[in-house]
Structures are given as C-alpha cells and as structure tokens.
2 protein chains.
Amino acid sequence: MPSNNRIVVIGGTACGPKAAARARRCDPSVKITIIEQRDNLSTATCGLPYYVGDVIKKESALVARQADYFREVMDMEVMTGTRAVTINRKAHSVEIIDQKTGAASTMEYDKLVIATGAVPAIPNWQGKDLKGIFTLSNIPDANAIRDYLSKLDRKEVIIVGAGLIGLEMAEAFYDRGLKVSVIEALGWPLPALLDEEIAAHVEKHLRSKGVTVHCGQRVTGFAGDNGGRVRKVSMGDTELEAGMVLLSLGVKPNISLAKEAGLTIGATGGLAVNERLQTSDPDIYAGGDCAEVENIITRKKTLVPLGSTANKHGRIIGTNITGGSETFPGIVGTAVAKVFKYNVARTGLNEAQAREAGYDIVTSLVPTFDHATYYPGAREIMVKLMANKADGRLLGGQAVGMGETAKRIDVLATALNFGATVNDLANLDLGYAPPYNSALDPLHNAANVIRNKMTRQARSLSPLEVKKKIDNGERFVLLDVRSPQEWNAEHIEARQVKLIPLPELRHRLDELSADEEIVVLCRTSIRAYQAQRILDGVGFKDVKFMDGSLAAWPYKVTTPT
Amino acid sequence: MPSNNRIVVIGGTACGPKAAARARRCDPSVKITIIEQRDNLSTATCGLPYYVGDVIKKESALVARQADYFREVMDMEVMTGTRAVTINRKAHSVEIIDQKTGAASTMEYDKLVIATGAVPAIPNWQGKDLKGIFTLSNIPDANAIRDYLSKLDRKEVIIVGAGLIGLEMAEAFYDRGLKVSVIEALGWPLPALLDEEIAAHVEKHLRSKGVTVHCGQRVTGFAGDNGGRVRKVSMGDTELEAGMVLLSLGVKPNISLAKEAGLTIGATGGLAVNERLQTSDPDIYAGGDCAEVENIITRKKTLVPLGSTANKHGRIIGTNITGGSETFPGIVGTAVAKVFKYNVARTGLNEAQAREAGYDIVTSLVPTFDHATYYPGAREIMVKLMANKADGRLLGGQAVGMGETAKRIDVLATALNFGATVNDLANLDLGYAPPYNSALDPLHNAANVIRNKMTRQARSLSPLEVKKKIDNGERFVLLDVRSPQEWNAEHIEARQVKLIPLPELRHRLDELSADEEIVVLCRTSIRAYQAQRILDGVGFKDVKFMDGSLAAWPYKVTTPT
C-alpha cells in the first residue's frame with residue numbers, strides 16, 4: 001500500500017485550489033503542494049471580459065484568495081511561477097521548473113491532481129502572430145489587451161468567434177468606445193448554444209448596439225503594417241479594417257502533460273475520468289476544463305469548460321484523495337451570459353444536438369414578460385422549450401431578452417437533472433408574487449404549449465418556416481388576429497397577410513376558406529392559438545399558428561413612417 | 001349516461017375562468033357558463049396590495065380579461081353580479097340570484113366547477129365592525145381602503161397579522177406616508193413560512209423602515225370614536241392608536257355552498273378532491289383556494305391558497321370536464337414576497353413543519369451575495385437549507401435579503417418536487433456568469449455545509465443558540481477569527497468573546513484550551529469553519545462554528561461610536 005501523505009496539485013485556477021482546500025479540510029495532516037505556472041492562485045477567469053471592459057477596475061478583484069492564505073491558513077505549499085514538465089507515474093513524481101531561475105526539481109506524490117485547464121483554440125491562419133491579435137484566458141492576457149487598447153490608434157476591433165467570450169468581449173470593447181465587428185463561421189451567434197430562431201434575436205440586439213455581425217463567414221488570414229501590427233482581417237475576398245483582433249474560437253483541454261504520461265484521453269480530446277474523477281491511473285485525478293464530463297441527458301462524454309463545474313470537481317477530488325468517496329453525476333449543459341442588455345440563458349440540448357442524439361422533438365416558443373405586467377418594470381423575454389415527442393421528456397430550453405431569464409433556465413436545468421417531462425414542468429410549484437413572476441411561470445406556459453402540440457390540439461409553424469413560405473411565394477393565408485391599432489403600429493408586409501381581429505373572427509368566417517392553409521399570428525401566440533381552436537371548431541382543415549407570433553419574428557415589419 | 005354538454009363554473013377570479021377557457025379550447029361545442037358574484041372576471045387579486053399602495057394606479061390594470069372577451073372570443077355565457085345560492089346535486093342544477101334585480105333562476109349542469117375561493121378569517125373581536133377596519137381580498141375591498149385612506153385624519157395604521165398580505169400591505173401603507181404598526185400573535189413575522197432565525201432579519205428590515213413590529217402579542221378588541229370610526233386597538237392592557245386597521249389573518253376556504261350540497265370537506269376545512277380535482281361527486285370539480293392540495297413532501301393534505309395553484313387547477317379541470325384526463329401532483333409550499341427592499345422566498349417545510357412531520361433535521365445557514373462579488377451590484381442574501389438527517393433528503397429552504405432569492409427558491413422547489421437529496425443539489429448544473437451567480441450557487445454551498453454536518457466534519461450552533469448561551473452566562477469561548485479591522489468595525493460584545501485572526505490561529509493555539517467549548521465566528525462562517533477544522537486537526541475536543549456568523553446575527557453588535 002502506498003502512503004497517502006503527499007498530495008500534489010498541478011494547476012491553481014479553480015479546480016486545483018478547491019481540491020487542495022477541500023483535502024485540507026478533510027485531512028489536517030496530509031502534505032499538500034499546489035504548482036501554478038503563473039503568479040496567482042484562485043483567479044476568477046470568468047471576470048476577465050469585465051476587467052477588459054473596465055467594469056472591474058482592478059486586477060486584484062479577480063484574485064479570490066491570495067497564495068498566502070493557502071500557505072498560512074490552509075497549511076500547504078504553494079509554488080507559483082512553477083511549471084510541471086513531466087509526470088513520472090512509475091516513480092510517482094512530477095518534474096517541475098522554477099520559471100524565474102530555471103531550476104528543475106522533482107516532487108513526489110501519493111495522489112496527483114491534474115487541473116491544467118484549457119488553452120485557446122487557434123487555427124493556423126496566416127498572420128496570426130501579428131501584434132494586436134489576442135486571445136483571452138488569463139490575467140496576463142487581459143493585461144496585454146488593456147495595454148494595447150490604451151495605445152490603440154484606430155477604433156475598429158474585430159472579434160473572431162461569436163461564442164460566449166466573443167459576445168461578452170463585444171460588450172467590453174463597446175464599453176470602451178470602440179467600433180466592434182464579430183465574425184462567426186457558423187450561421188448565427190452562439191451557434192453551439194442557441195437555435196437560429198433564438199439567436200436571431202440576440203443578433204438583432206447586437207446590431208441595435210452598433211455591433212456589426214458577419215455570420216457564416218470564415219476568416220482566412222490577417223495582414224499587418226510595417227510595425228508588425230494587425231491592420232486587416234481577410235474573409236476570402238473581403239477584408240475588414242482592424243486596429244485589434246480578439247480570437248475567441250473556444251478552448252481545448254490542456255492535456256499535453258497527461259498525454260505524455262500515458263493517461264487515457266477520451267474521444268472528445270479531454271482527459272478521461274470516472275465518476276470519482278479518477279483518470280486511467282488510480283492515483284491521478286483530474287477535473288475542471290482539462291477533463292471530460294458526461295451529459296446527463298445523452299449519457300455521452302462531452303467538453304463543457306466552466307468555472308462552476310471546475311469548482312464542483314475540486315470538492316469531489318479533495319474528498320476522494322483523502323480517503324472519502326464522492327461522485328460527479330455530470331452536466332446538463334447550462335450556460336448563461338449577459339450580452340449587452342440581453343440576458344441569454346440555455347440548458348440541455350439545442351435542436352441540432354437533440355437531432356444528433358436521435359430524438360424526434362417538439363418545441364414551443366413563448367414570448368412573455370418576466371413578471372406580472374401590471375406590476376412596474378416587467379421586461380420581455382422569450383422562452384423556447386424542447387421535449388421528446390414520444391413521451392414528453394424534456395430535452396432543453398433557451399431564454400433570452402431584457403428580462404429575467406437565468407431563473408427559468410436554472411429551474412429547467414434542475415428539472416432536466418431529474419429526467420422531468422413537460423407534465424412535471426407544467427405543475428411545478430414555483431414562486432409567485434407580482435414583482436417576481438406571473439401566476440403561471442413562462443416555463444409553465446412553454447410546457448403547456450408542448451402538451452397541446454403533443455395532443456395535436458395546437459399546431460404551429462416557426463417564424464423561420466413562415467418566412468420561408470412567404471419568400472417562396474407559397475399560397476396560404478397569414479391571418480393576423482390583432483386589433484387594427486396593433487396592426488397600424490406594426491405588421492408583416494406580404495401578400496398572404498390578412499387582418500381579422502379575434503373578437504370578430506366568429507362573425508367573419510365567410511372571408512376565409514375552410515380548405516386553405518391558414519397560419520394565424522397575433523403578438524405572442526395566445527390569441528393566435530385561440531383563433532386556431534375557433535377555426536378548428538368550425539371545421540377548418542389546415543389551421544396552424546405561428547410560434548411566438550410577432551414578438552418572435554426577427555425579420556422586417558412595416559411600421560408607420 | 002348524462003350528457004356532457006353543459007358546464008357551469010361558479011367563481012370567476014382565477015381557477016374558474018381558466019377552467020372555462022381551457023374547456024372551450026378542448027371542446028368547441030360544449031355550453032359554458034361562468035357565474036361570478038362581483039363585477040369582474042379574471043382579477044389579479046395578488047396585485048391588490050400594490051393597487052392600495054398606488055404602485056398600480058388603475059383598477060383596470062388588475063382585470064386580466066374583460067367579460068366581453070370570454071363572451072365574444074371564448075363563446076361562453078358570463079353572468080357577473082350573480083350569486084350561486086344552492087347546488088342541487090340530484091337535479092344537476094344550481095340556484096342563482098341576480099344581485100341587482102334579486103331575480104332567482106335555475107341553471108342545469110352536466111359538469112359543475114366550484115371555484116369559490118377563500119374568505120378572510122376574522123375572529124369575533126369586540127369592535128370588529130367599526131368603520132376603518134378592513135380586510136383585503138378583492139377589488140371592492142381595495143377601493144374601500146383607498147377611499148378611507150383619502151379621508152384619513154390620522155397617520156397610524158395597524159395591521160393585524162404579519163403574514164404575506166400583512167407585510168405587503170405594510171409597504172403599501174408606508175408608501176402612502178403612513179405610520180405602520182404590525183401585530184402578530186406568534187413569535188415572529190411570517191411565522192407560517194419562515195423560521196425564527198430567518199424571520200428575525202425580515203423583522204430587522206421592517207424596523208429599519210420605521211415599521212413597528214409587535215410579535216407574540218394578541219389583539220383583544222377595538223374601540224371607536226363617536227362617529228363609529230376605529231381609534232384604538234387593544235392588546236390586553238396595552239392600547240395602540242389607530243386611524244385605520246387592516247385584518248390580515250389569513251383566509252379560509254369558501255365552502256358553504258359545497259358543504260350544504262353535502263360534498264366531502266377535508267380535515268383541513270377545504271373541499272376534498274382527488275388527483276383529477278373531482279370532489280366526492282364525480283360530476284363536480286373544485287380547484288383554487290376552496291380546495292385542499294397535497295403536500296408532495298409530507299403526502300398530507302393542506303391549504304395553500306395561491307393564484308399560481310388556482311391557475312394550474314383551472315387548466316386541469318378544463319381538460320377533465322371535457323373528457324380529458326390530467327392530474328395535479330400537489331405542491332411543495334413555495335412562496336415569495338417583496339417586503340420593502342427584501343426579497344423573501346421559501347419552499348418546502350420549515351423547521352416546525354418538519355418536526356411535526358417527524359423528521360430529524362439538519363440545517364445550514366449561508367449568508368452570501370447573489371452574484372460574483374467582483375462584478376458590480378452584488379447584493380447580500382441569506383439562504384437556509386434543511387434536510388433529513390438520516391439520508392440527506394431535502395425538506396425545505398428559505399432565502400431572504402436585498403439580493404436575488406426567488407431563483408434559488410424556485411430551483412429548490414423543483415428539486416423538492418423530485419425528492420432530491422443534498423448530494424443532488426450540490427452538483428446541479430446551474431447557470432454561472434459573474435452578473436448572475438458565483439461559480440458555486442448559494443444552494444450549492446448550503447448543500448455542502450449540510451453534507452459536512454452529516455459527516456460531523458462541520459459542527460455548529462445557530463445564532464439563536466449562541467445568544468442564549470451568552471445571555472445565560474455560560475462558560476465557553478466565542479472565538480472571532482476575523483481581522484482586527486473587521487473587529488473594530490463591528491463585533492459582538494460579551495465576556496466570552498475572544499479575537500484571534502485566522503492567519504494567526506495556528507501560532508496562537510496556546511491561548512486556547514483543547515478541552516473547553518469553543519464556538520468560532522467570522523463574517524459568513526467560511527473562515528469560522530476553516531478555524532474549526534484547524535482546531536479539530538490539532539486535537540481540540542469541542543469546537544463548533546456559529547451558523548452564518550456575524551452576517552446571520554440579528555442582535556446587537558458594538559460599532560465605533
């Protein structure tokens with residue numbers, strides 16, 4: 001039996017220090033060493049965009065605990081500015097180098113924790129090493145960007161990659177008075193997280209802030225000036241002027257050490273770990289951004305690098321390396337981000353992920369307000385919910401808008417964790433008081449719409465589908481059942497559109513034909529669904545409503561000039 | 001077989017109209033009649049305090065749908081100003097009276113829905129019929145209060161009952177410039193919802209707004225002036241001046257009609273219904289405030305009158321009376337309320353309810369911020385979590401403070417719905433970004449504290465228990481491990497208190513005795529728990545920390561003068 005007296009932790013950002021602190025609280029006598037290549041332990045890397053945007057003024061605000069705290073209070077050795085270069089599994093040791101002096105030494109372990117995080121993914125683009133092209137994943141990166149910004153001689157900043165960091169950084173640069181363009185190779189912003197019909201609203205919001213968004217376009221290279229500073233970003237034949245470029249193309253697990261040591265790497269490219277977060281070597285644990293996690297819905301391994309998961313991993317590892325036993329159940333894929341004034345939140349699978357996992361899906365789209373509209377301050381949000389058509393099991397959801405969305409997504413994430421169905425969701429006992437919610441939460445309504453669709457009582461087309469039908473010049477009636485006042489304020493201009501206000505519908509049935517395809521819309525779909533039911537009831541054969549109606553329509557509307 | 005063509009709904013506030021609307025959407029041909037004794041259908045009674053407080057200016061804002069909408073769009077008969085006086089089950093008919101003309105008539109039903117709501121509970125106090133003594137449960141009540149306020153000749157308003165409505169009304173009267181006192185017979189505000197240690201902070205907040213709070217005191221009667229207007233409220237030997245009085249002592253189900261018709265009334269005093277919301281007569285359904293609901297945790301019947309439940313009931317009844325089949329799973333006891341600047345939220349059982357249900361409980365108390373403290377605008381909240389000691393099954397929780405609490409309670413409510421344990425809660429994949437949360441949600445931390453207590457790794461006393469020990473002059477050390485700067489800003493004054501800053505603790509062990517009882521505190525308990533583990537590790541025998549530490553201490557502290 002090996003002793004369990006010496007714990008070595010490689011990596012000091014989130015998972016590492018958490019594992020070390022937990023180990024100390026579980027075992028007062030074990031010897032603990034943290035090895036960190038940079039100067040600080042326990043840094044809040046999720047705060048970096050706000051530090052660049054000057055919302056957070058001081059670097060020190062991003063350091064949760066000073067190294068001295070770990071030394072004095074936690075009674076552990078902290079080696080900052082130190083790099084782990086080799087893991088020798090047979091000898092149970094790690095080769096380390098003091099980055100200032102270059103001195104090498106060997107540190108023995110009984111249990112080793114790999115918490116080496118992730119590194120930015122950077123394609124091998126021409127000119128990628130020009131000055132003024134940055135990535136952002138740690139405090140030195142942020143300081144380099146801040147420095148460069150302070151000397152910037154032009155206002156154009158190009159962000160490559162419209163993921164979470166890319167969009168948070170769009171706001172940061174905007175806050176600093178810069179002219180921001182975002183280039184995204186896929187079809188819409190946050191493509192890994194959101195569906196097009198939701199992302200279209202985020203894109204609209206970005207444009208309303210003056211951010212230029214280039215979706216479906218690929219960067220091919222960069223050009224610089226004589227001083228070696230980036231000046232242009234090429235996308236095939238097109239070029240954009242650039243004073244600075246941020247590459248935010250996601251990250252990949254930092255696994256070189258682990259790989260060289262012969263530890264098993266999963267198909268995702270992350271370190272393979274079991275439920276106890278043990279790697280293929282039982283004396284080596286791994287957690288945080290460098291490790292794979294299991295998706296609770298699909299039961300497949302995936303990579304979801306997030307500080308929240310890293311912290312949970314840290315606690316579990318700290319328990320397990322001191323003789324305890326704790327397991328990590330996996331993730332459901334929750335993410336939330338502030339994108340200017342939009343609160344963007346999602347959890348579970350999106351449509352592409354659900355289809356890839358083999359589900360036949362049913363969705364709902366509910367534009368609504370975040371609390372009772374009669375109480376001041378209610379703000380709009382849009383909630384999309386998705387379930388498995390066969391049994392109503394929830395698969396995921398998205399919520400965006402100026403109003404509160406994180407709460408709804410956290411509730412949905414919790415429901416997903418327990419394999420909930422739309423029936424479960426529709427009857428959850430959620431808090432209701434006018435300043436916080438409506439009597440029925442947006443999730444209740446979204447679940448009810450899906451339930452109505454599952455019984456075929458409700459039938460719909462998405463705004464994207466309706467747009468396509470209009471653009472294709474298809475023959476159908478797009479029946480707007482709002483009031484003439486609402487119509488005058490804004491409406492969709494198309495030859496298929498017809499206005500019959502809902503209260504008049506029962507008396508004006510002769511203006512419609514029972515056999516034609518009718519798609520009803522109103523402002524949010526509530527009246528449109530009602531109209532569908534009225535028309536169904538009098539024997540109309542092919543009536544649907546447009547999901548989310550005008551509030552969910554991201555395209556042009558006609559307004560009074 | 002009786003026909004199913006005629007549906008009669010008694011009660012038009014929330015459950016009734018919802019049931020009717022759902023029935024119409026499920027069946028276009030059925031004949032539907034709603035009977036409502038007052039003038040409006042579909043009223044937002046939860047908005048009444050804000051209407052009295054003039055936050056909502058117009059009565060019309062509280063009417064979600066006009067009666068004409070139900071007539072024209074929903075194709076149903078709506079009889080407002082009409083009272084149902086007798087249900088004749090044998091004849092399947094309801095006797096009704098037009099309240100304006102006094103004309104009686106009979107209405108036949110195939111399915112009947114009883115959605116008669118609740119009525120205020122009013123003890124038979126002397127003087128209770130004086131002018132200026134009100135209850136608040138509908139729009140006419142609110143208008144009567146507004147009228148009386150507009151002519152009020154003194155500023156003192158007394159609220160009897162510190163429940164949800166009572167405290168919402170305290171704010172409403174305060175907003176109108178009145179001097180507010182609240183009298184509560186039980187020991188603390190919101191006694192049916194919160195535990196004392198949480199309610200003490202709500203009480204402190206009320207006092208900080210100038211509201212006088214009299215807890216543990218019973219009203220004995222009222223005295224008026226020559227004009228018959230209330231002038232005094234008596235509590236035994238004490239009297240309070242009063243220009244107006246609001247009685248907010250809760251409500252009781254309005255079941256007289258149902259009782260006379262011989263329908264089964266449950267032990268709670270509410271109408272007994274099955275999962276499908278059928279009463280003891282299969283052709284009569286009931287929902288909303290007049291019906292019992294099952295508590296999902298205890299599996300016991302209870303009364304929880306809330307608009308959210310009433311709306312869910314309405315949909316289920318609407319489905320079932322038109323040939324569908326839907327069931328209501330029950331409630332977990334979620335409630336949320338704005339009390340001045342405090343966001344008060346709770347779900348599940350409180351300590352008294354848990355003990356009554358026979359649980360041996362373990363709790364945690366976590367004062368924290370509602371999002372990452374390095375991101376601007378983080379506000380304090382306090383989260384209390386409770387689990388069953390034997391297996392860690394969650395039982396309930398409470399969260400109060402200036403920061404976001406409703407989200408956490410909705411997540412907990414969802415977890416409770418699925419019988420989650422603290423282990424489940426600790427690993428939920430909740431949304432994390434600095435503007436919305438910390439890497440670990442307050443619920444994660446609260447769950448982890450309970451897990452530490454279940455393994456006896458963490459041991460604590462509540463602030464209430466510590467206060468009692470100090471007041472009793474018990475011999476123990478109350479060890480404050482904060483910095484001298486923090487100590488100077490505020491500290492507990494007691495002869496048992498001793499300051500040893502945490503970073504010095506390991507070097508100053510000789511100032512403590514390994515055998516004495518030590519209770520450690522800091523600001524939020526994080527350092528205090530760390531200190532407990534350090535002292536445990538060096539062989540101290542009886543060390544605990546104070547739950548929530550100074551942030552959870554509702555009593556006097558010494559501050560610089």
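**The interface between chains A and B**

The contact (heavy atoms within 4.5 Å) draws on 84 residues from chain B and 84 residues from chain A. The model is a predicted one, in which local features need pLDDT of at least 70 and side-chain atom pairs count only at pLDDT 80 or more, while totals for chains, interfaces and linings use all residues. Residues are numbered from 1 along each chain as its sequence is written, chains are lettered from A and ligands numbered from 1 in the order in which they are written, and side-chain values use heavy atoms, with hydrogens and water left out.

Between them, the two chains bury about 7100 Å², with 59% of this on carbon and sulfur atoms; buried area is the accessible area (1.4 Å probe) that two parts lose on being put together, summed over both. On the chain B side, B:Y374, B:D429 and B:Y436 provide 11% of the area buried against chain A, more than any other three residues.

Polar links are also present. There are 30 residue pairs in polar contact between chain B and chain A, both residues being at pLDDT 80 or more. A polar contact is a pair of N or O atoms within 3.5 Å; within protein, one must be able to donate a hydrogen and the other to accept it, and residues adjacent in sequence count only if both atoms are side-chain atoms. Helix α10 (residues 406-417) of chain B gives the largest share of the side that touches chain A, eight residues; helices (H or I, at least four residues) and strands (E, at least two) are DSSP runs, numbered from the N terminus. By class, this side of chain B holds 45 nonpolar, 20 polar and 19 charged residues. Here Ala, Val, Leu, Ile, Met, Phe, Trp, Tyr, Cys and Pro count as nonpolar, Asp, Glu, Lys and Arg as charged, and the others, Gly among them, as polar.

Two salt bridges (a side-chain nitrogen of Lys or Arg within 4 Å of a carboxyl oxygen of Asp or Glu) join chain B and chain A. B:R451 forms a salt bridge with A:E326, with 2.9 Å between the closest N and O atoms.

Helix packing comes next. Helix α16 (residues 526-537) of chain A packs against helix α1 (residues 15-26) of chain B at about 45 degrees, the axes lying 9 Å apart. Axes are lines fitted to C-alpha atoms, for helices over the stretch in contact, and angles run from 0 to 180 degrees between N-to-C directions. A:Y529, A:Q530 and A:R533 of α16(A) meet B:R22, B:R24, B:R25 and B:C26 of α1(B). These contact residues comprise two nonpolar, one polar and four charged.
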